[in-house]
Amino acid sequence: MTRYDSSDLRRAAAAGLQAPSMYNSQPWAFRLRGGAIEVLADPGRQITIADHGGWALRLALGAATFNARLALAWAGTPAEVKLLPDFDEPDVVARLTPAPHRPPTYTERDLYASIERRYSNRHPFWPDPVPADVRVRLIDAARVEGAWLDLLVGMTALTGFSEIAHSADRVLRRDNRYQAEMITWTDTESATDGIPVAAAASVAEAQDLIPQRNFGGRRRAPGRDYEPEPLVGILGTAGDRKLDQVMAGQALQHVLLTATDAGLSSSLISQPIEVATARDQLRRSLGRSGFPQIAFRIGYGQPGHPSPRRDVADVLVG
């Protein structure tokens, strides 16, 4: 195969738009150019206050690129991927060119099947522990994409993370512009982006170990506290360039789909990354020389509520 066509583009875009993004803003577009599929940033959908530097935008685009890769591999038309291919076109985040035909691997099939089943579950999880072999799979998923994943073990590590996360959350809650922007992305069931109230976390309570963003104002049912010892993952990269952040997005999606394939739920925790001092505290607490890019909790949970997605036609550009 020497060129992708419009059917390949639609397949890649349909998978790509299922990726996670801050506030479900879906800041991406896809196009076919010169027989290659390009994943582009949509600057009009960047979160201007919470993500003024574009870190979350690039993370989302990396995740969308990983989904597009899977879709093409599943169809037997795998891609060679070049990230940030053109200095003169900064909105082009990835270019996927055809590699030789081959059947998909078992892993690619399983991960591709998980794309539509992966979504953020902001509700409490069951206390059942994640098995050791699944934890190894999650760490390996990050590693093969050029990132690292630390899974916090024990209440000492979790309490330290909790203090950092809550401190960052308090900083963000004091920013009225930040809070107003978040509210604009809280939406109803009829919207094609944003966070529907049904998918939002319940109102925070004093005993919560991990801070949750309040998108909906719902009170939780009695006896449905969050798990007392959640599995928290910190994903990071050796550097913190734009390229590293796109790589982190690919690694994040590989980890999340691996978790979904194992029957696990997940939700992202970005407050400690959004506040620079908290991010530095988190890095030092891990004893890492690299840069944390995102945190998340993983566990077994009851079915949650997926956030909406735009139609494929809306993300295709000429």
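The model is a predicted one, in which local features need pLDDT of at least 70 and side-chain atom pairs count only at pLDDT 80 or more, whereas totals for chains, interfaces and linings use all residues. Residues are numbered from 1 along each chain as its sequence is written, and side-chain values use heavy atoms, with hydrogens and water left out.

We begin with the interior. A nonpolar core is a set of buried Ala, Val, Leu, Ile, Met, Phe, Trp, Tyr and Cys residues joined through side-chain atoms within 4.5 Å. Here, buried means under 20% relative accessible area, exposed means over 50%, and partly exposed lies in between (1.4 Å probe, protein chains only). The largest nonpolar core of the structure comprises 49 residues. Tyr23, Leu149, Phe161, Ile234, Leu235, Val255 and Phe296 are those with the most contacts inside this core. If neighbours within four places in sequence are left aside, Phe161 is in contact with Leu152, Ile210, Val232, Ile234, Ile269, Pro272, Leu282 and Ala295. Another core, of 25 residues, lies apart from the largest one; Leu17, Ala41, Ala60 and Ala64 are among its members.

We turn next to charged residues. Side chains of opposite charge can pair when their charged atoms come close. A salt bridge is defined as a side-chain nitrogen of Lys or Arg within 4 Å of a carboxyl oxygen of Asp or Glu. The structure holds 18 salt bridges.

In one of these, Glu108 pairs with Arg102, and their closest N and O atoms are 2.8 Å apart. Glu108 counts as buried, at 15% relative accessibility, while Arg102 is partly exposed, with a relative accessible area of 34%.

A second salt bridge joins Asp261 to Arg137, with 3.0 Å between the closest N and O atoms. This pair links distant parts of the chain, 124 residues apart: Asp261 belongs to helix α7 (residues 242–261) and Arg137 to helix α4 (residues 132–143). Helices are DSSP runs (H or I, at least four residues), numbered from the N terminus. Asp261 is partly exposed at 29%, and Arg137 is partly exposed at 36%.

Helix α4 also contains Asp140 and Arg143, which are three residues apart and therefore separated by about one helical turn. These two residues form a salt bridge whose closest N and O atoms are 3.6 Å apart. Asp140 is partly exposed, at 31% relative accessibility, whereas Arg143 counts as exposed, at 52%.

Notes
Contact = heavy atoms within 4.5 Å. Helix = DSSP H or I, 4+ residues; strand = E, 2+ residues; numbered from the N terminus.
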